[in-house]
Amino acid sequence: MRESIDIQRETLPTRAALEREWRALERMAGRGFFLSWSWIGTWLATLPPDVEPFLLRAKRGGATLAVALAVEGATQQALYLNATGDRNLDAVYIEHNGFLCEISAERAVMTALAAWFAQVQPPLDALHLPGITAAARYGGLVADVREASGFATNLTRVAKAGGDVGAALGGKMRQQLRRAQRAYEARGALQLSEAASVGEALAFFDAMKRLHIASWQRRRRRHAFASPHFECFHRALIEREFDNGAIQLLRVVAGAAPIGYLYNFRRDGILYAYQSGFDDGHRGVSPGVVSHALAIAHNAQRGDRLYDFLAGGNRLKESFATNRYKLFWQVLRRPRLDHRLRAAARQIRRKLAR
């Protein structure tokens, strides 16, 4: 019988000491970009001084099995895993979240976290687990879980098709892509370029921002840059991590006119398609389809293995997807009557919506 997992709350060590431990565990765990020091280190470096994360350490048999960061909400008795509970600060939107540990131990560690939360003193009211890959379970707690589908493209399949994305994904996608490409080729040759320096990457980021805001404002929807912290965090991330190969900024042009910019993360052969800006104010064109298709072919030819569109479904992601997965936005609460009633009401609303 395996020993139980214990969760401990600790004050953060010095940034240098935490980085050493995090990177050492990161090499063994082999997890994705959002739990790498690239993301976590930048997150810590850009938080305002009044936000004070602490360390959650999972131990088995006295040895460290996993680590994560958490913040206790200032206005309510709530705990947030690798997040703050502040809408502005959390606009960077972590996904593939959880503890930094080997995937085989992930579910057991999350269960241990839920058990720890249920017994922690003084008691906290809620545990927020945004964008986690394995939902936590513990009897006696009220669980509110929202699932979101994630979509990805197998780049190895595209490489075997000689970089022909349409051929790798099937007839319907091939027809859609060919039509979109022909519409742009009437304006001039389609070309993709990848930023080659930090300065060029930041210039691409600025151009992406302009197109992104214009596109979302046309649809009268809140855009990513509505949070000032979003841009602060990502400019810092590009400056810190571009030269390490963790950041990819792409520009796609038709003739001389840019039609789209893509902002991706890269880790262990996986591209995370994080943000974009498209010149989509014209009828009859599909800049997103064309830009992502060229990016998929480009990264397949580089030898990467997966192009992850991240969570949230739309027609574009579903058309390109060869792989699907689930992420969870979960809140665990104390078993009070008001929490149970609200959870039941949310469940009814979701069933009606479906």
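Predicted model: local features only at pLDDT ≥ 70, side-chain atom pairs only at ≥ 80, totals over all residues.
Reader: Which strands stand at the edges of the open sheet, each with a single partner strand?
Author: The sheet is open and has 12 strands with mixed pairing, in the order E1-E2-E3-E4-E5-E12-E6-E11-E10-E9-E8-E7. Each of the two edge strands has a single partner, so one side of each is left without a neighbour in the sheet. From one strand to the next the twist averages 30 degrees. The edge strands are E1 (5-10) and E7 (190-194).

Reader: In which sense do strands E10 and E11 pair, and which residue in E11 does Leu271 stand opposite?
Author: Strand E10 covers residues 270-278 and strand E11 residues 306-311, and the two are joined over three bridges in the parallel sense.

Reader: At about what angle to E3 does helix H2 run as it lies across the strands?
Author: Helix H2 (residues 37-46) lies across strand E3 (63-72), strand E9 (257-267) and E10. Its direction relative to E3 is given by an angle of about 35 degrees.

Reader: Are H1 and H2 roughly parallel or roughly antiparallel?
Author: The axes of H1 and H2 come within 10 Å and cross at roughly 160 degrees, in a crossing that is right-handed. The contact involves Arg15, Leu18, Glu19, Trp22, Arg23 and Glu26 of H1 together with Trp37, Ile40, Leu44 and Ala45 of H2, and these residues divide into six nonpolar, no polar and four charged. Because angles over 145 degrees count as roughly antiparallel, H1 is, relative to H2, roughly antiparallel.

Reader: How are H2 and H8 oriented to each other?
Author: The axes of H2 and helix H8 (residues 228-241) also come within 10 Å, but cross at roughly 130 degrees, and H2 passes H8 in a right-handed crossing. Their contact, which includes Trp39 and Trp43 of H2 and Phe233 and Leu237 of H8, has eight nonpolar, six polar and two charged residues. The angle of roughly 130 degrees therefore makes the two helices oblique.

Reader: How many residues apart in sequence are the parts that the pair of Phe33 and Phe265 ties together?
Author: The structure holds 22 aromatic pairs, and Phe33 with Phe265 is an aromatic pair that is stacked, at 4.3 Å centre to centre and with 20 degrees between the planes. Phe33 lies in the loop between helix H1 (15-29) and H2, whereas Phe265 lies in strand E9, so the parts tied together are apart in sequence by 232 residues.

Conventions. Residues numbered from 1 in each chain as written. Heavy atoms only, no water. Pairing = 2+ DSSP bridges. Helix = DSSP H or I, 4+ residues; strand = E, 2+ residues; numbered from the N terminus. Axes fitted to C-alpha atoms, helices over the stretch in contact; angles between N-to-C directions. Contact = heavy atoms within 4.5 Å. Parallel < 35°, antiparallel > 145°, perpendicular 65-115°, else oblique. Left-handed = near helix turned anticlockwise from the far one by under 90°. Nonpolar A, V, L, I, M, F, W, Y, C, P; charged D, E, K, R; others polar. Phe/Tyr/Trp six-rings, centres within 6.5 Å; stacked < 30°, edge-to-face > 60°.
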